Amino acid sequence: MAHRWGMVVDLDKCTGCEACVTACHAENNIPTAGAVEAGRGRAMHWLRVERYWEGDFPDVKVKFKPVMCQHCDNAPCEAVCPTYASHQTDEGLNAQVYNRCIGTRYCANACSYNVRFFNFFNPQWEKPLHLQLNPDVSVREVGVMEKCTFCVQRIKSGKTAAKADGRELQDGDIQPACVQSCPAGAIIFGDLNDPESRAARLTHSPRGTKLLEDEGTEPKVTYLQRQSWNEPDTQ
Amino acid sequence: MNRTRNNPLADDLVRPLLHTSVWFYGAVLVLASIVACGAAAWGYQLWYGMGVAGVNWPVFWGFYETNFVFWIGISHAGTLISAILRLVNARWRRPVTRCAEVITAFALMIGAIFPIIHLGKPWLFFWVAPYPSARELWPNFRSPLVWDFFAINTYLIGSLLFLILPMIPDFALIRDRTTGLRQRIYGTLALGWQGTTTQWHRLEAAMQIMAVAIIPVAVSVHTIVSFDFSMAHVPMWHSTIFGPYFVAGAIFSGIAALIIAMAALRRMLNLHAYLHPLHFDNLAKLLLLMSLLWGYFVFSERLTVWYGNQPSEMAVFWATQRGAFAPFYWTMVFCNFIVPVSVLSFRRLRTLPGIVLVSCGVLVGMWFERFLIIVPGLSTKQLPYSWGTYTPQPPEIVIMVATFAAMALLYTLFSKFVPIISIWEMKVGNQPHPPLPADEAEEQQSLWRARP
Amino acid sequence: MNAVYALYDNPAAVQRAVDGLRAAGVTDADIQVMSSEPFEEYEFGHKDSASWIHWIAGVGGIVGLASAYFLTTVTQQSWPLRTSGMPIVAPWPNLIVMFELTMLGAILATVLTLFVSAKLPRRLPPLYDTDVSNGYILVGVQRPSGQPLVDVTAALEAVGEGRVKQIDR
Amino acid sequence: MTPMDRRRFFKITAITGTTAALASCGNPENQIVRFIPDDELTPGVAVWKPSVCPLCAAGCGVTARVMDGDAEVFRNGQPGVTRMGLVRKLEGDPAHPISQGRLCARGQAAVQVTYHPDRLVAPQRRSGDRGSSQFTEISWDEALNLLVERLDATAAAPAQLAFLSRPRRGRRHELVAEFLRRFGAPAPVSFEIFDDAVLRRANELSFGRHQLPTFDLTRTNYLLNFGADLLGTWNSPLAHSVAYGAMRHGRGGSKPKVVQVEPRMSQTGASADEWLAVRPGTEGALALGLAHVVMKAGLRPADGGGRAGVQVEGWSAGLPAFTPEAVEKETGVSAARIERLAREFASYGPAVAVIGGAPLAQTNGLAQALAVNALNALVGSVGVEGGVSFMPQGPSPVATVRTLRDVLAAAPPQVLLLDDANPVFAAPAAWKVRDWLRQVPFIASFGSFIDETSALADLILPDHSFLESWVESAPESGAATAVVTVAGPAMRPLYDTRSMPDVLLDAGRRLKTPLAPALPWQTFEEMLQAPVAEPPPGAAPPARSADASAPTAWQAPQLDGSAGEYPFQFMPYPSQALFDGSLAHLPWLQELPDPLTTAMWSSWVELNVKTAETLGIADGDVVEVASAHGSLRAPVVISPGIGPDAAAMPVGQGHETFTRYASGRGANPLAILAPVAEPSTGQLAWAATRVKITKISGADGSLILFAGATRERPEHARGRG
């Protein structure tokens with residue numbers, strides 16, 4: 001059976017530390033926009049930790065929510081692309097083919113989650129910062145959209161490694177950079193078609209919700225809601 | 001006598017082609033330099049990247065798309081109106097049709113440039129076209145942008161033919177009345193037109209079929225432009241009303257543009273004898289109708305959003321109603337509804353300057369309408385964390401101004417080289433009616449009487 | 001001597017000339033009327049009005065529709081890529097492309113028929129007079145089949161108005 | 001041959017000139033030497049090499065992903081290109097007990113230290129005025145000669161040599177201390193703004209351990225945290241976060257609770273189940289209030305209190321002065337809440353109380369820490385599962401150090417060696433560090449970058465980056481077992497740099513009068529490979545008697561500045577991305593959105609919603625923050641997570657000179673701090689300054705938020721207006 005990659009984010013564990021954000025930058029060669037361009041809304045974070053305040057001082061709460069590409073089954077970004085740069089792979093990934101992209105930015109508008117980013121300029125790494133680039137991931141040129149890939153390069157190499165060892169792919173063999181770096185282990189990645197995988201089991205957790213579920217986009221990222229603390233029964 | 005009847009008309013209408021004033025050169029020079037600035041601005045953007053424009057995360061579309069919709073809307077001035085008038089055989093249409101169709105052709109060309117300008121990689125725009133390529137990949141027919149490609153091209157081809165075909169007899173007329181190089185050029189353009197009865201019949205039949213075909217195409221073009229927005233899950237974009245709303249808006253702005261163009265031509269080319277106040281009055285009534293229709297659509301759109309009370313949509317609603325975009329919103333309502341309705345409803349106010357002034361306001365208002373459809377929705381999408389703003393940058397503004405100059409330039413050049421009023425259609429309009437047989441005359445009279 | 005024509009500045013005279021030519025035995029196909037404007041109100045203006053152009057436009061539309069249908073289905077199936085959970089051949093969006101190409105087919109067929117049947121573009125034939133553009137209406141006969149040119153000239157001169165000219169080439 | 005006239009001559013020279021210019025602007029490989037590859041690597045295949053993150057004291061073990069690549073290098077005074085193994089990414093080492101395969105945002109960005117475009121590639125000698133940042137590249141021989149010359153000159157008065165660095169443990173610092181000892185110089189000087197000396201001192205008094213505590217968060221059921229940004233920047237944040245994740249699993253159906261007590265919501269506070277705003281500096285009073293309730297309700301275990309409890313006067317009497325009502329007055333926390341929290345804390349054990357960060361940076365910091373320690377002792381949470389414990393320490397004890405504050409009071413030394421410390425930036429301007437340094441005749445820095453302090457140096461001897469050299473760490477907390485990590489270089493050095501320990505060893509050998517006795521190692525590597533003795537297994541801490549100088553009673557905090565003139569308590573805090581400012585040069589961290597404000601590349605002042613309303617300040621407006629010791633300007637972020645009489649500001653920006661990414665960006669809150677200290681340790685009380693706030697102008701664009709122009713506009717989302 002084909003894989004169907006999905007992710008679960010346990011908001012009870014997420015501390016908002018942003019280790020995942022830097023991990024994503026390091027793994028995927030995401031350019032740094034610089035202060036001026038960041039101020040103009042050109043900073044790129046394929047993965048961001050959204051923060052929402054609730055209540056007023058002093059009874060105030062914060063909710064963190066890491067938002068990356070939700071790899072929707074019914075991804076609104078895909079159909080609107082005139083050149084098929086954005087499409088669904090057989091393994092359920094919402095793929096972005098950089099060299100097919102002509103930069104209409106329509107997909108970014110259609111995306112309800114605003115997780116797509118555009119290369120407004122040719123990305124630059126001031127030498128020798130370019131030496132940190134990950135050779136497994138292409139650098140995107142000016143005028144194309146980019147976004148979270150679920151670290152497709154890691155999925156590929158995970159499958160290749162399993163094949164080379166002559167074994168079945170195990171749950172946990174493949175970890176996108178954010179999953180791997182998350183100190184609290186709040187992000188879980190796995191094959192939703194494998195009922196035994198942690199991700200598949202947690203997807204059906206009663207705490208599980210999808211982001212903007214009513215949009216009908218059928219995301220493959222599940223958020224496990226934070227639980228409030230209740231005084232335990234002490235008998 | 002025919003000769004004495006029609007030659008002054010032909011003389012009047014051909015004269016601008018033969019005599020050039022200093023003003024013409026001045027205007028062309030000024031307009032061309034503005035257009036050159038626009039081209040330079042685009043070159044600058046091509047060199048450095050889309051980042052020199054103001055678009056950002058999350059407002060990925062801004063002035064370019066606004067202008068795209070605006071110009072495609074303007075294009076509905078011509079061919080659509082002229083086709084409708086042709087089909088209902090409105091007699092007053094004759095001096096109007098060509099100036100209207102020219103607007104369509106040029107506005108479409110200008111409008112169609114914007115989707116290319118706005119691309120991240122404009123040099124690859126042709127990937128939207130279906131052609132067998134080495135990549136073995138065809139365009140995605142599910143994308144509204146591909147629908148745009150087909151719709152705009154169909155409309156452009158149709159409109160150009162609709163404009164050019166009736167020009168052939170006029171070219172023949174100019175060919176016969178000029179000498180030298182002009183004669184050769186217009187002779188070539190006339191394609192050997194003699195004016196035989198067969199040619200006239202074929203031409204009229206073709207124009208009839210094309211008028212029938214071009215109306216649904218025109219409606220579809222702006223509907224599809226509206227689909228660019230309504231297909232996306234952006235708050236206040238994802239709406240079923242957008243198709244007719246956009247078409248109505250397009251015709252609305254189109255008529256306003258036509259009125260302005262006609263008034264300008266009337267003054268510059270001394271066409272007072274051909275473009276009567278009656279023409280303006282009729283168009284003004286149409287404009288009033290469209291203003292009311294536009295108001296109806298805006299009301300329906302706003303009411304359903306307000307009633308639905310979806311948080312993301314309400315964010316856009318309030319941003320336009322009383323937030324950062326409110327000044328533009330209320331300017332739009334003022335220009336598109338309050339002024340046209342209060343001025344055009346009264347015959348005494350429906351003077352030529354009044355009509356032209358209202359039309360200018362409508363153009364401004366309709367430009368804001370497009371801006372207010374595109375930008376606020378994108379700046380306040382579903383997740384409040386990703387809300388943002390948009391400020392246009394110099395290249396976008398320069399390119400926008402340049403397209404207005406380009407329109408004026410193309411119009412000036414066109415009216416310099418082609419009679420802006422169709423001479424042969426005017427002649428037809430001036431034909432004396434031969435006396436009807438007695439029974440037919442009686443029938444006609446009774447038809448008139450039967451009308452309430 | 002190949003052709004003969006007359007220039008009239010009055011459509012009523014043209015009608016008489018055409019009637020005269022018919023009476024002289026010239027077939028309708030050989031009579032040529034040229035003007036700088038169409039005359040719908042006179043009988044001669046209705047000459048040659050029958051045409052297949054509407055049908056051809058319809059056929060053009062059907063061809064456009066069919067090519068759009070094949071373009072969309074064949075290309076979508078040739079490299080099937082899934083987008084937005086839509087079927088590979090997505091009927092609703094395809095209808096839009098089909099509609100546009102139907103219309104384009106009809107328009108192009110119409111224009112093509114116009115050019116072919118009106119024999120455009122071509123070099124200006126010898127049977128023409130630039131006075132047509134000055135409002136005169138030309139009635140002429142070129143290489144009449146079966147009728148001597150003299151009879152034709154006589155028929156044209158019988159109208160009483162107008163100038164009769166001959167072309168030798 | 002035609003005679004060459006003037007005109008012709010110029011033409012020819014012009015042409016040759018052009019040709020020369022063209023030839024030299026082609027491929028750089030044409031002009032610079034291509035070195036022979038010096039690593040055995042399979043192209044495209046990654047090798048993982050262990051290393052240690054040097055960015056904070058947590059000492060996380062990392063693995064570096066090394067792949068081949070072409071690098072422009074600078075070796076032996078010559079630029080060139082070579083194919084070599086390059087570190088592409090840092091990840092947590094799964095085998096390391098502290099990082100456990102994870103790595104925080106800062107640790108992952110550490111790779112940019114090596115590849116920073118402004119890194120010094122060779123030794124530098126100052127060529128301009130002091131502080132002008134004008135340096136000339138020199139060779140290592142020249143540089144070492146200069147250093148040795150100076151050291152020789154000081155040999156007669158060895159006390160005139162000083163070494164300033166961060167307070168880090170491990171063999172590197174052991175080597176420095178040994179060098180100084182054998183040279184005859186006094187102990188190294190240490191400076192770190194966010195050092196936890198107060199807590200170490202408190203722990204020494206309470207538990208006999210001069211050390212930071214380790215918390216068994218994985219097994220704790222109730223975490224009561226007084227101001228420590230456990231998950232963000234304090235102590236061993238990565239280890240805490242890993243444990244926090246495990247804790248949040250919920251064991252046996254019950255979900256552990258996290259309560260955070262702090263005046264400004266930190267990232268940890270944001271993750272807590274309950275967040276309590278408390279008046280700054282009264283956290284200890286709250287702890288004592290909780291203890292009062294616990295004791296009064298008889299929830300105290302039989303042996304509760306003990307040694308730590310005795311530190312607080314009136315302990316045995318049940319702390320009669322700390323009734324919930326009295327504490328409510330002091331702290332602003334309601335009496336009912338105090339009662340509830342105390343019951344929860346005592347009932348749902350294992351429970352642990354933590355103190356760290358701002359509560360310690362008060363004049364009463366030690367008293368606050370002692371109170372919290374006592375609370376832990378009271379409920380029996382010391383040295384038990386789910387409680388507080390102390391990591392067994394390796395054989396290398398903390399070298400005796402002098403604090404910068406003490407040294408500043410004395411006359412400046414003749415020679416100052418500077419390693420990894422930037423007091424010109426990180427100390428309050430009132431300390432006048434810059435003036436003091438200007439009086440030092442010779443300063444040599446081992447830094448890789450020109451920062452505010454090394455801009456004053458006469459000689460810079462750039463160290464390798466941590467990935468290029470032998471590294472080790474011996475953290476004092478973060479795991480239940482002792483952890484000593486040693487790792488070899490993950491890649492060869494890119495530039496003409498030398499490891500600081502090796503330079504010291506080399507300089508020691510070159511001295512006219514050799515060190516007596518000489519250091520026993522040729523290189524740092526040799527030192528590290530020398531056998532390390534096993535730490536004593538589970539050694540009980542030496543029971544020391546209570547120090548007579550310790551405070552035995554609760555004290556109210558002393559703030560600098562009158563409440564009338566300076567109405568706001570100023571709370572600088574280590575920024576999530578830039579820490580204490582030493583990471584401001586890393587572009588990834590500059591562009592990392594702050595978790596609570598989403599700000600990037602900026603400084604900002606956090607103000608309470610109501611306060612901002614009263615002062616007529618909107619988000620992004622620029623204000624002047626003035627203390628009695630200076631003022632700064634920064635944009636405002638309005639936050640519901642801060643008390644109305646406080647103003648908070650992240651530390652990190654405001655560098656004058658610190659590479660292209662940090663220079664001239666934002667404002668430095670440390671500069672305006674009052675020079676008040678916690679009396680028993682001399683540690684700067686960085687949370688004890690009062691300020692006033694004046695609006696200067698509207699938004700000037702200096703506040704860059706990732707969340708776009710997001711002001712969450714609740715009125716828009718909530719209803720029909």
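## A buried aspartate and its partner in chain D

D458(D) is buried, with a relative accessible area of 9%, where buried stands for under 20% relative accessible area, exposed for over 50% and partly exposed for values in between, computed with a 1.4 Å probe on the protein chains only. Its side chain meets that of R126(D) in a salt bridge with an N to O distance of 2.6 Å, a salt bridge being a side-chain nitrogen of Lys or Arg within 4 Å of a carboxyl oxygen of Asp or Glu. The pair links distant parts of the chain, with R126(D) in strand 5 (residues 124–126) and D458(D) in the loop between strand 17 (442–445) and strand 18 (459–460) of chain D, 332 residues apart. R126(D) is partly exposed, at a relative accessible area of 25%.

The model is predicted, so local features need pLDDT of at least 70 and side-chain atom pairs count only at pLDDT 80 or more, whereas totals for chains, interfaces and linings use all residues. Residues are numbered from 1 along each chain as its sequence is written, chains are lettered from A and ligands numbered from 1 in the order in which they are written, and side-chain values use heavy atoms, with hydrogens and water left out.

## Chain D as a whole

The secondary structure of chain D comes to 22 helices and 28 strands, taken as DSSP runs numbered from the N terminus (helices H or I with at least four residues, strands E with at least two). Chain D has 721 residues, of which 61% count as buried, and it exposes about 26,100 Å², with carbon and sulfur atoms supplying 53% of that area; accessible areas come from the Shrake-Rupley method with a 1.4 Å probe, and for residues only the protein chains shown count as cover. Of the contacts in chain D between residues at least 6 apart in sequence, 74% join residues at least 24 apart, a contact meaning heavy atoms within 4.5 Å.

A further salt bridge in this chain joins R510(D) and D141(D), whose closest N and O atoms are 3.8 Å apart. This pair also links distant parts of the chain, since R510(D) lies in helix 17 (residues 500–510) and D141(D) in helix 4 (residues 140–154) of chain D, 369 residues apart. Both partners are partly exposed, R510(D) at 32% relative accessibility and D141(D) at 47%.

## The interface of chains A and D

Among the five pairs of chains that touch, the most contacts are between chains A and D, whereas chain C and chain D do not touch, their nearest C-alpha atoms being 27 Å apart. The contact between chains D and A takes 73 residues from chain D and 65 residues from chain A. About 5,700 Å² is buried between them, 57% of it from carbon and sulfur atoms, where buried area is the accessible area (1.4 Å probe) that two parts lose on being put together, summed over both.

Six salt bridges are found across this interface, and R154(A) forms a salt bridge with E91(D) in which the closest N and O atoms are 2.6 Å apart. By class, the side of chain D that touches chain A has 38 nonpolar, 17 polar and 18 charged residues; Ala, Val, Leu, Ile, Met, Phe, Trp, Tyr, Cys and Pro count as nonpolar, Asp, Glu, Lys and Arg as charged, and the others, Gly among them, as polar.

## A salt bridge within chain A

The structure holds 75 salt bridges over all chains. In one of them, the side chains of K159(A) and E91(A) meet at 2.4 Å, N to O. K159(A) lies in helix 5 (residues 152–164) and E91(A) in the loop between strand 4 (86–88) and strand 5 (94–96) of chain A, so the pair ties together parts that are 68 residues apart in sequence. K159(A) is partly exposed at 29% relative accessibility, while E91(A) is buried at 18%.

L145(B), in helix 6 (residues 144–164) of chain B, is buried at 15% relative accessibility. Leaving aside neighbours within four places in sequence, L145(B) is in contact with V80(A), P82(A), T104(A), Y106(A), V128(B) and D228(B).

Q76(C) lies in helix 2 (residues 53–78) of chain C and is buried, with a relative accessible area of 1%. With neighbours within four places in sequence again left aside, the contacts of Q76(C) include Y84(A), F141(B), R142(B) and I88(C).
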